[in-house]
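The following report concerns a predicted model. Please consult the sequence and structure shown below before reading on.

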Amino acid sequence: MSLRRVLGGAAPALFANDAKTWRCRASDLAYRVVVGSLAGLGLLILVAPVVIVLLTSFTPSRSIKFPPSGLSLQWYQLLFDPVRSSQIHRAALNSLMVAVVAMACATALATLASVALARRSGTWPRAVDTLFMSPLILPMLAFGLAALMYFTFLGFRPSLALIMIGHIVVVAPFVLRTTSASMSQLDPALLETSASLGAGWLYTFRRVTLPVIAPGIAAGAFLAFIASLDNVPVSLFLAGPRSDMLPIRMWGMMESALDVRVAAVSGVLIAIVLVLMLVMERLVGLTRRLRD
Amino acid sequence: MRRPRLAEWQLALPLALAYAAFFLVPLVLLIAVSAFDDEKITIVGFAQWRKFLGDPFTWKVIVDTVKLGCFTVVATALVAYPIALVYLGAGPRWQRAILFVVILPLLTSVVVRTFAWIVILGREGVINQAVLWLGLAPAPLRLLQTEHGLVIALTQIEMPLLLLPLLSVMSRLDPSLRDASAGLGATRWRTLFRVTLPLSLPGLVAGCMLVFASSTTAFISQFVIGGNRLVYLPLLIWQQSLVVYNWPLAAAAALTLLVSVGLGVAAISALGRRSRAYAV
């Protein structure tokens, strides 16, 4: 009787419990498998193309085939040949010049703007901030076309200077974002202390504000540089025959007969980005800044 | 106190002026140009718009462009969200590794990434070599110039844009909430759908908006991988402006793209807000 009661009471509960943990474990396993495999696939999709391009650039054959049948530096040799690749060199030089100027101007303008807009709430500052950030979400292609029409109506011919102006507009938001994030970490008490001790505005800016926000500015400048170097939609409309840009030239090399030098250019670009990224990581903690 | 504040406010002026002169005025001009009937831009009228929007082909292109954006958003979110979950559960070393892997493609040129997908999806590409070697198909599959291929490529090209805002929100979540959920007997799935997902929704929505906006306007990727068999609005804009030199029509197409992207982004944002209301 007592035994039966014990069994009758406990056994179902015991079994139920067992079934429940089993189900728990199965669902736990399913969770791990589903999330793990999707994440694995995602990471593979992210990384594989970069690795594949690097390996392809060492191919000895005249067509693009993966895996390459051997290793050779012939495409890099051809790419660095000053005569046979002179067009690519000029395009790369143009892109570099535009990127440096666009970065410098965008950094200066956006840093000033972010100092002005920091900790300011109200309709106008919010509206201005939205305006400054809008190139990030607005179709850049539409802006590129608009800029082409605008400059044509003003009577300008395509030139590097016009591309620089176009790039400044579209890369400024990158600087604004990282610098504003640093500005929000600046303790206003520091500024008040500095002012109450008799420091002028400029002195306070140089000695208090700037040291705090410098890493944010540097990270933003780096992003602006990369964004300008990569820019297609604005360069597409503003580049002329005498102001060829690297991404546009690479597009041309992929279009007709696939030119394997594209792989070599890609290899060089990936290497440059890798080095710059490691340097910026060391200097300003780039990855953390991008995440936050 | 009044004077330095005034001076500080004026520091935004240089950028504001630059934006007014080189961003707002050109966009207004774009609207103005679309309201001309002829290619020489002399006759004001809306015949161009009527012709553009009355053409069924235009609507097919608009629908295809929006569809491409939607497919890319879904495909990207499907693999990016699990990456964020793995990131959340990983130790600091793995977190740094994942972050590196996410940012490296972001910083490599879009043209390079597009080129990579030609190598992968081409007739002699990685996937076809594998398929033939495994004997899964008798002949190379056609992956370039198909919508599937384009969506797969755009998934990689746009994924960092979704992951960065998502990881940013995820890393600020309070881990004790997940522990509490598990401690109260919730399965991992339940914790995911009732705790983590609702709390990380702002990051997911922000990322999806960026992916939608970027994939619908990714001209080079669309053109090089999709070929000219798949026509999207950016191709139309490029053809009309730089090949045919019909600027009013190009302006109309550009404004259509602008409105489509704007509506799509607003829809994603509204969807995010609604699902948030349901989840809580």
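How many residues does the contact take from chain B and from chain A?

## Contact between the chains

The contact takes 67 residues from chain A and 80 residues from chain B, two residues being in contact if their C-beta atoms, placed from the backbone, lie within 7 Å. On the side of chain B that touches chain A, helix H2 (residues 13-34) of chain B gives the most, with 13 residues. By class, this side of chain B has 63 nonpolar, 12 polar and 5 charged residues. Ala, Val, Leu, Ile, Met, Phe, Trp, Tyr, Cys and Pro count as nonpolar, Asp, Glu, Lys and Arg as charged, and the others, Gly among them, as polar.

## Helix H11 of chain B

Helix H11 (residues 219-226) of chain B is largely enclosed by the rest of the structure, because 8 of its 8 residues are buried (20 or more other C-beta atoms within 10 Å of the residue's own, with C-beta atoms placed from the backbone). Helices are DSSP runs (H or I, at least four residues), numbered from the N terminus.

Both chains contribute to the cover of the buried residues of H11(B), which includes helices H5 (140-153), H9 (233-238) and H10 (246-255) of chain A and H6 (110-121), H8 (147-170) and H12 (233-243) of chain B. Just after H11(B), B:Gly227 takes a positive phi of about 70°.

## Confidence and conventions

The model scores ipTM 0.90 and pTM 0.89. Chain B has a mean pLDDT of 89, with 96% of its residues at 70 or more; pLDDT is the predictor's confidence in each residue, from 0 to 100.

Residues are numbered from 1 along each chain as its sequence is written, and chains are lettered from A in the order in which they are written. In this predicted model, local features need pLDDT of at least 70 and side-chain atom pairs count only at pLDDT 80 or more, whereas totals for chains, interfaces and linings use all residues.

Notes
A residue is buried if 20 or more other C-beta atoms lie within 10 Å of its own, exposed if 12 or fewer, and partly exposed in between; C-beta atoms are placed from the backbone. Helices (H or I, at least four residues) and strands (E, at least two) are DSSP runs, numbered from the N terminus.
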